[in-house]
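Below are some questions about cavities and helix packing, each with a reasoned answer.

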Amino acid sequence: MNESIKAAEPRRLYQQIADQIRSLIQAGQFPAGARLPAERELAQQLGVSRPSLREALIALEIDGSVEIRMGSGIYVTAEPDRRPWQTGSMGESPLELMQARAAVEGAVILLAAARITQDGLKSLRQTLDQMRAEIAEGRKPLDLDRLFHLTIAGQSGNSVLAHIVGDLFDERHSPLSAQIRVRFETPETWGFALAEHEAIYAALEARNPLLAQAMMHAHLEESKQRWMNNEAR
């Protein structure tokens, strides 16, 4: 077997949806400069969920096919002969990543709550205080956010799970996830995230595994909803 021949990578749902929209553009249904239907209407037209459509639109924005103008709508920008035929991979689906994180980190925090040390709690407290200072100065504390989650994973006593948590978190640097952060993360949303982290910390400090798990699930669900519920109209 020729080693240079590789199996085709499965196309993610957001890529498939982006290709559908691109086909409509190339067919002339939405010419250059045209405004696409609102997300709700377009999702119904394509028979897809709005979160998956949102990811597809962000992917099309990254490759230059559309421009998302917050408060105005989504507009076709590229000329038909300059658009790629298919959407390339821009990372994992942020929606699926959040689902994966909820499953993994929900299990990890059960272990961490039973084993966390005073030094572990002290490290989390310092991280939260630094996050608050960064947010107050208008900065996005992504590295501190990562440190908070990885510190909890480290307290689980399972290095494999801690590695998985790190890998899932680092997918936030993919083109798709990074563009979503640019569009939908604000000092206000970071303030909400900090409050959710504080609730997680309080449950860990109380050594209450089920409460800690519930607070982690609530945090990741709220994080997902914050970008899903913002819409370019």
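In what follows, Ala, Val, Leu, Ile, Met, Phe, Trp, Tyr, Cys and Pro count as nonpolar, Asp, Glu, Lys and Arg as charged, and the others, Gly among them, as polar. The model is predicted.

Q: How many cavities of 30 Å³ or more are there?
A: Rolling a probe the size of a water molecule over the atoms shows where empty space is left. Counting cavities of 30 Å³ or more gives three.

Q: Which residues are the closest to the centre of the largest cavity?
A: The largest cavity holds about 420 Å³ of space. Its lining is made of 22 residues, and those closest to the centre are Met98, Arg172, Glu185, Ser223 and Trp227.

Q: Which helix gives the most to the lining of the largest cavity?
A: At least two lining residues come from each of H4 (94-115), H7 (159-170), H8 (175-184), H9 (187-205) and H10 (209-228). The most, six residues, are given by H10.

Q: How many residues in the lining of the largest cavity are charged?
A: By class, the lining has 11 nonpolar residues and four polar ones. The charged residues of this lining number seven.

Q: Are H4 and H7 roughly parallel or roughly antiparallel?
A: Two packed helices are described by the angle between their axes and the distance between the axes. For H4 and H7 the angle is about 150°, and the axes are 10 Å apart. Angles over 145 degrees count as roughly antiparallel, so H4 is, relative to H7, roughly antiparallel.

Q: How many charged residues are in the contact of H4 with H7?
A: H4 passes H7 in a left-handed crossing. The contact is made by Leu97, Ala100, Arg101, Val104, Glu105, Val108 and Leu111 of H4 and by Leu161, Ile164, Val165, Leu168 and Phe169 of H7. By class, this contact has 10 nonpolar residues and no polar ones, while the charged residues number two.

Q: Are H5 and H9 roughly parallel or roughly antiparallel to each other?
A: H5 (residues 118-136) packs with H9 at an angle of about 165°, their axes lying 10 Å apart. Since angles over 145 degrees count as roughly antiparallel, the two helices H5 and H9 are therefore roughly antiparallel.

Q: How many residues in the contact of H5 with H9 are polar?
A: H5 and H9 have a left-handed crossing. Among the residues making the contact are Leu121, Leu124 and Arg125 of H5 and Trp190, Gly191 and His197 of H9. Of the contact residues, 10 are nonpolar and four charged, and the polar ones number two.

How values were computed: Residues are numbered from 1 along each chain as its sequence is written. This is a predicted model: local features need pLDDT of at least 70, side-chain atom pairs count only at pLDDT 80 or more; totals for chains, interfaces and linings use all residues. Side-chain values use heavy atoms; hydrogens and water are left out. On a 1 Å grid over the protein atoms alone, a cavity is a set of points where a 1.4 Å probe fits but cannot get out, and a pocket is an open set with protein on both sides within 12 Å along at least five of seven lines; lining residues have an atom within 4 Å of a point. Grid points are joined across faces, edges and corners, and a volume is the space filled by probe spheres set on the points. Helices (H or I, at least four residues) and strands (E, at least two) are DSSP runs, numbered from the N terminus. Axes are lines fitted to C-alpha atoms, for helices over the stretch in contact, and angles run from 0 to 180 degrees between N-to-C directions. Angles under 35 degrees count as roughly parallel, over 145 as roughly antiparallel, 65 to 115 as roughly perpendicular and the rest as oblique. A crossing is left-handed if the near helix is turned anticlockwise from the far one by less than a right angle, and right-handed if clockwise. Contact means heavy atoms within 4.5 Å.
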